[in-house]
Amino acid sequence: MVFSSAVFLLLFLPVVLSVYYVVPERVRNPVLLVSSLLFYAWGEPVYILIMLFSTVFDYGNGLLLERLDTAGKADKRKYVLILSVTVNLGLLCFFKYTDFVIGTVDSLTEAGLSLLHIALPVGISFYTFQTLSYTIDVYRREVKAQHNILDFGMYICMFPQLIAGPIVKYRDVERQLAHRDIDARRICSGILRFVQGLSKKVLLANSLGAVWDEIASFDGRQAALTSLIGAAAYMLQIYFDFSGYSDMAIGIGRMLGFDFLENFDYPYESRSVTEFWRRWHISLGTWFREYLYIPLGGNRKGLPRQMVNLFVVWALTGLWHGAGWNFVVWGLYFFVLLALEKCFLLTQLKKLPSFASRFYTLTAVLLSWVIFASEDLGHAARYLASLCGANGLADATSLYFLRKHYLILAIGGFLSVSMAKKLVRRRLDKIKNERLRFTLTATVAAVLYTVSLVMVINSSYNPFLYFRF
Amino acid sequence: MDKLTRVRKISVTVFLIFPLLLLTVILCSPDRSISANENRTLKTKADVKWSVTNNAFQNWLEDYLSDQFPLRDSLKQAEIECRLSFGAQELGGAYVGEGGRLFQKITQSDVNEAACLRYARRVNRLATETELPTYVMYVPSAGVALRKQLPEGASMYDGDALFAKLIKELPDTQVIDLRRRMASDTGNYYATDHHWTAQGAQSAYQAWCQVHEIAPREAELVSVSDTFQGTLYSKVPSHRVPMDTICTVRLDPLPELLADGQEIPFYDVAALATKDQYNFFQGGNHGIAVVTNSVIDEGEGKTLLLLKDSFANSLVPFLIGHYRQIIMIDERYAFVDAEQLAQEYGADEIAVVREIISTP
């Protein structure tokens, strides 16, 4: 089930929340667990078994780690960790990368291997990282093992962040699993956040996505300006889509009494790629830093080793985003930029005026999204060539696209930086009456919610025309 | 409880109750089963499917809630109006041209050129194998013919390049080139539909006569409907889009029409009361439709085997005066061997009339 669907908005969310608020506190976790399983099973009636397996498996691993500690067999603990990591990553790799490996081997050897066409279980990349963070933290003795399987299951399967993150680390919500404060103020703030995310997704991301889809379908035959419009549209789409989803997850989390960490912090304002990755998909960056980069030695073992570590982290970050060579190249592209910045570029960038360093960052990120969004490396190369002017700088089609999309690009650009938020906040702060301030915000949210709902419904308007009668 | 907390609690309640209220309205009000605008059936309670292993129920519920949402059509119209007032020139795959005239957006990648060429080769083969005079009339798409009416810079496929490639494949036929005629007047196409108007069809008829070296018959055009909102209107349902008038030739007596073995009216007046009024012409498309002109006695006059798409439906009223019989074959609805049919019906001529990009 996705958040921006009629079933979720009209049925699932209001029913689950109503039940959740009405039942006594001790029943809330089971309610949340059951509704999360329903949420997942709605779209993946079969693959839910894999998620349940992961959950039970790592619940067991946590207990085992704890028992080995109390039994004084601490030296055996690492085998449990290795088992957990192997099984979890094994499942992830099997479902996510088998066809990719077969396809690559086949194209290299021309052996005529056929793909298995394995469907990817929804959210597996996210919940695998969540369960791993739990086992690793228990291993490191940073958290205690969870004894209540319902609470643990709820942590893994919790529907707000199940499908598209943020990746919630166990230790960040450990306390809230047992007790959460829920009051009208927090619920309202959650609703506002949810509506903000929903409108980002429905009103901005979807329209911007259509722009990219159309221009990408020209397959590099377009003029540079057209390519730029397409790439800029994608750049904004992925931001509003992803950060919108995170907003919705954080918002629902807050309605349920959870505090999830922020996942995006206006990344397009960054003055370096290093900074960009501190502000984009923060929960993933932190995960890789804490569970891979630092254990590998981080920057503590000299520059050559640091570069190797960076390389590993970014090759895997690329692969995490998708099973395709363009994702690997995309990850390594960032490795190169980050390595350069670590070596000398960062100090140079700091000397530049902010518009120049921001321009550099935006350009670097824009190019990366072209690689990311393309179907394959060939498509990406053709698109980049057109972006560089291989088919001329602009033509009538470019101007048509510009006229057609300038408004949404301008609005998107404005809303993707913090200026808009600051302006609104400044205005709101001038209103001293808190009740009036809230009423005003709530009214705007109500309008945005209604318009978003209407757009979700309208997207089902689908004139069925026998093509060419 | 202070006032602010009360306002907050009310807000939370509204956030929970409002969607549930909508849901209740959807579930309790009677279902609409058809959306005329979209030309499709809507999901109703009767369509519900149950399954544990696949997503049949889930998909049904999602579709059902969207399809039966209160004021669904009006909400879509409101969105369209909103977009148009922000200057939208393209909506749902249709270009909005001068004065609200709509054009189907067909880009180069929408055209299956290989299939078009394959079909042209087949027609040429048919001409050589039957040794019958064969005429090919490619109808330009409205957006190509009336290019100047499109929003500036709007992309359409290259009609001239395609035409040039196709005629190379048709050396043994006579190609009737309509490009200049169709481009000469906006009135040749409907504003809300991708088809040509009676005026457009009449102009094509004149070109037909020219190639056949015969004089066009007098044709009196009569209006049969002035409330036509065609397939493109469905994509852009807005009051800014003008309604079309359907005209046709007055024929007396009307030709007889045997469509897939059933006798039906040549002009289907009942279709004018439905959404798709273009079905007025022969009640729409049929696999094999035999049109007989009773004015010409049996055994006299010529028989035409017409391989066609829906454009031909409004051209046949002009052509029928010159033939005893026209055998209309729509190869999308009937898998037939055209050569065998030509023999069976004793065809004297073969013609292809279809939009240039359409293939069976």
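Reader: Which residue of β14(B) stands opposite Ala289(B)?

Author: Met328(B) stands there. This is a predicted model, where local features need pLDDT of at least 70, side-chain atom pairs count only at pLDDT 80 or more, and totals for chains, interfaces and linings use all residues. Residues are numbered from 1 along each chain as its sequence is written, chains are lettered from A and ligands numbered from 1 in the order in which they are written, and side-chain values use heavy atoms, leaving out hydrogens and water.

Reader: What makes strand β12 (residues 288-292) of chain B and β14(B) a pair?

Author: Two strands (DSSP runs of E, at least two residues) pair if DSSP finds at least two bridges between them. Here five bridges join β12 and β14 of chain B in the antiparallel sense, so they pair.

Reader: How many bridges join strand β13 (residues 302-308) of chain B to β14(B)?

Author: Six, and these two strands run parallel. One of the partners is Leu306(B), which bridges to Met328(B) in β14(B).

Reader: Why is the pair of Phe12(A) and Phe39(A) called tilted?

Author: Rings of Phe, Tyr and Trp (its six-membered ring) pair with centres within 6.5 Å; planes under 30 degrees apart are stacked, over 60 edge-to-face, the rest tilted. These centres are 5.5 Å apart and the planes stand at 55°, so the pair is tilted.

Reader: How do you know that the charged end of Arg8(B) sits over the ring of Phe438(A)?

Author: The rule asks for NZ of Lys or CZ of Arg within 6 Å of the ring centre and within 35 degrees of the ring normal. Arg8(B) lies 5.4 Å from the centre of the Phe438(A) ring and is listed as sitting over that ring.

Conventions: Helix = DSSP H or I, 4+ residues; strand = E, 2+ residues; numbered from the N terminus.
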